[in-house]
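I opened a new page today to look up how some strands pair. Here is the structure I had on the screen.

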Amino acid sequence: MIAVALALVANAQIQFTGNDHALYEEEPAASTGLNKIYVLYDTDGVGMTYTADTENPVTWYIYGELGGGYAEEMTGVQHDGLTTSISQVVPNKGYIIEEGTSRLYVWVVNYADYRLHLNSVTVDNDNDCSTATLHVDGSGPDVAYFTITGVRKVMDRGITLSYNNLVWDGGTQGGDDDDEDEEEIVSVEAHWAETLIEENEETFKPTIVVPAPTENTQFTVSGDKFLRFWNEEESVESNYYTTAAIDVRAFAIQEDRHHDNEKKTGGEGALGGSAPAHITFKAYCTDAVMHKEWQMCRENDFNNIELRINQEETDQTFEDAGITYWRFYAANGDGSCEWYSDVFAVNIGESELYCPNVFTPGTSEGVNDVWKVSYRSIVKFQCTIFNRWGNKIIDLNDPSQGWDGTYKGKLVPAGVYFYVLQAEGSDGKKYKKSGDINIIRYKRIDHSAGGDGTVVHE
């Protein structure tokens, strides 16, 4: 027996003679203790040579499933200067070549003992919503080897399973994220894209189960990586698979408003807030979806659905205070596969309306230089501003509008003005307000002109 050690001969070389196919080499994980795995197409009549790096004595050992600790010294090794050799490789064994105090650890595989054969592949058309089951007729024993400590390992065959599937491209599904305040985004180009799926199977399996594709397709099994290396890859194609599986991406996208005098409700990314809220509900369905609808309910259990819209996209304007719940439902032709989106809660806040009575146009640009109401969820609005003699200055038809203190393009004089306002909130509340608006204009005396910097009213 030989003790297991991990030392590598720096420039030594191993070659094989008598083989008529290229040599496949693979470097296994360092934990195996092996420096290399050699896979030969067929070891029959193939010899193995080792060219030493030094003039130190060279000894060959061979081991099997018990590991390098039970290696036995080989007999019949031929020596010719720095070259030692054996005329016939013993297949599916580990070799330890000792050169002085250094050792090289390799494993030699006879692929002819493990050759992959693929005869056919069939796929069940059983209307399964979640998985597709493939049955592969063929054979391919595990390509096994043993580490220098006697641990059995299996080489990755690199068998490829390929098929077409629909893959989502262009957005995040509404409601999937744990952060409820995170804004859902979907790009204009969002769609389901037909994509070639290629999956690696490390070993031959007579039965392969994969997630059910969401489009009709055929499955191809090909391999393995060794035959591919020798340009002898085998390939079989399944019968035509008709999918029952469905998938959907559903979104609720709210039109954004940036009015500095409008009070928002809810956190960033929340749906609803101040009325009127304009929201587009949009769903993207895969091919097998035949039944589709947006559903609205007053309770999030959806026991009493009040509205059904049989289309993938709908635009809604929310003007009434309160919460409504929305979700998208989809099903295939016979209803055996169903899909529900997460629930979108739209919360419209109650109305508020406050009218200021002082502003300072023409004094400090950007600071209190526009008269605007402060509001939330105002769905109807009409406001008229008059001067002290009852002459109309301006009409405002939207609560986001304001008066900049001008009339016919010129600033009006400082003084008292009046407004008359009527509005209606999302909660049905009626507003009738009137009051005065005081325009105050300030003048700062310039120090450079000899003043003391005092601020006085105009």
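**Ground rules.** I am working with a predicted model, where local features need pLDDT of at least 70, side-chain atom pairs count only at pLDDT 80 or more, and totals for chains, interfaces and linings use all residues. Residues are numbered from 1 along each chain as its sequence is written, and side-chain values use heavy atoms, leaving out hydrogens and water.

**Entry one: around β37.** I looked up strand β36 (residues 415–425) and found it antiparallel to β37, with 10 bridges joining them. Strands here are DSSP runs of E, at least two residues long, numbered from the N terminus, and two of them pair if DSSP finds at least two bridges between them. I noted that Val416 lies opposite Asn438 of β37. The two strands make a hairpin with 4 residues between them, and in its turn Gly428 has a positive phi of about 85°.

Next I checked strand β30 (residues 358–359), which pairs in the parallel sense with β37 (residues 430–439) over 2 bridges. There, Phe359 faces Ile439 of β37.

**Entry two: an open sheet.** In what order do the 3 strands of the open sheet come? I read β11-β12-β17, with antiparallel pairing. β11 (117–123) and β17 (207–211) each have a single partner strand, so one side of each edge strand has no neighbour in the sheet. From one strand to the next the twist averages 25°, with axes as lines fitted to C-alpha atoms and angles running from 0 to 180 degrees between N-to-C directions.

Lastly, I saw that 5 bridges link β12 (residues 131–139) to β17, and Thr133 has Val209 in β17 as its bridge partner.
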